[in-house]
Amino acid sequence: MLWLLFFLVTTIHAELCHPDAENAFKVRLSIRTALGDKAYVWDTDEEYLFRAMVAFSMRKVPNRETTEISHVLLCNITQRVSFWFVVTDPSKNHTIPADEVQSAIRMNRNRINSAFFLDDHTLEFLRIPSTLAPPMDPSVPIWIIVFSVIFCVVIVAIALMVLSGIRKRRRNNKGLPGVEDAEDKCENIITIENGIPCDPLDTKGGHINEGFLTEDERLTPL
């Protein structure tokens, strides 16, 4: 009697789950590619975990809260770790529509991947598109970043202008004493004419060099 019951259950499962069956999905895992030397062996325990994750995902779908692990059937399992699966509805003795299963898998794709330490590229549901990760919002608004950059540029430009003005003023201040020293040196130069020392004309004080005056000019009072 038990053998007959087991045979009937196996036959029903074979009719519901087989390659390209209605509402069936193929799964392909690349455990060695993802984990390298830390790859684990795919066995009946891993199959049970997969069925549990699919049942968990289906229970998140409205009107599918009663889905059990036994309702998830696997078939055509290969050593390179690929297989087909369907989710059955025992009350109606048929498989749950593919769009409901696809929606449940997509909503919980990250949870399923995490359970097997894989991602969308190493745990592939061939008929279910990969879910894109939601875009990450920056912790700081973009306008604040732009404003900060512009503010820094303005501050640097003002600082450079101030430093340039200070340097220019210092150069001008250093140049003035040199001119005065040159004029003083010119004033102190004593020229010699025909062996007689002569004082140059002091243009600043209005003094006249007596060496160039004639005898009459010396004697005649002004």
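**Exercise 1.** Is Trp42 buried or exposed?

*Solution.* The structure is a predicted model. Trp42 has a relative accessible area of 13%. Buried means under 20%, so Trp42 is buried.

**Exercise 2.** Classify the ring pair of Trp42 and Phe116, and state which parts of the chain the pair ties together.

*Solution.* Step 1: by the pairing rule, the count of aromatic pairs comes to nine. Step 2: for Trp42 and Phe116, the ring centres are 5.6 Å apart and the planes stand at 40 degrees. Planes under 30 degrees apart count as stacked and over 60 as edge-to-face, so this pair is tilted. Step 3: Trp42 lies in the loop between helix H2 (31–35) and H3, while Phe116 lies in the loop between H5 and S5, so the pair ties together parts 74 residues apart in sequence. Step 4: Phe116, at 0% relative accessibility, counts as buried.

**Exercise 3.** Which residues form one aromatic cluster?

*Solution.* The cluster consists of Phe25, Trp42, Phe50, Phe83, Phe85, Phe116 and Phe125. On Phe25, Arg127 lies over the ring face, 5.0 Å from the ring centre.

**Exercise 4.** Describe the backbone and exposure of Phe117.

*Solution.* Phe117 is not a glycine, yet its phi is positive, about 60 degrees. Its place is the loop between helix H5 (109–115) and strand S5 (123–125). At 61% relative accessibility, Phe117 counts as exposed.

Terms used: Residues numbered from 1 in each chain as written. Predicted model: local features only at pLDDT ≥ 70, side-chain atom pairs only at ≥ 80, totals over all residues. Heavy atoms only, no water. Helix = DSSP H or I, 4+ residues; strand = E, 2+ residues; numbered from the N terminus. Buried < 20%, exposed > 50% of the residue type's maximum accessible area, 1.4 Å probe, protein only. Phe/Tyr/Trp six-rings, centres within 6.5 Å; stacked < 30°, edge-to-face > 60°. Lys NZ or Arg CZ within 6 Å of the ring centre and 35° of its normal.
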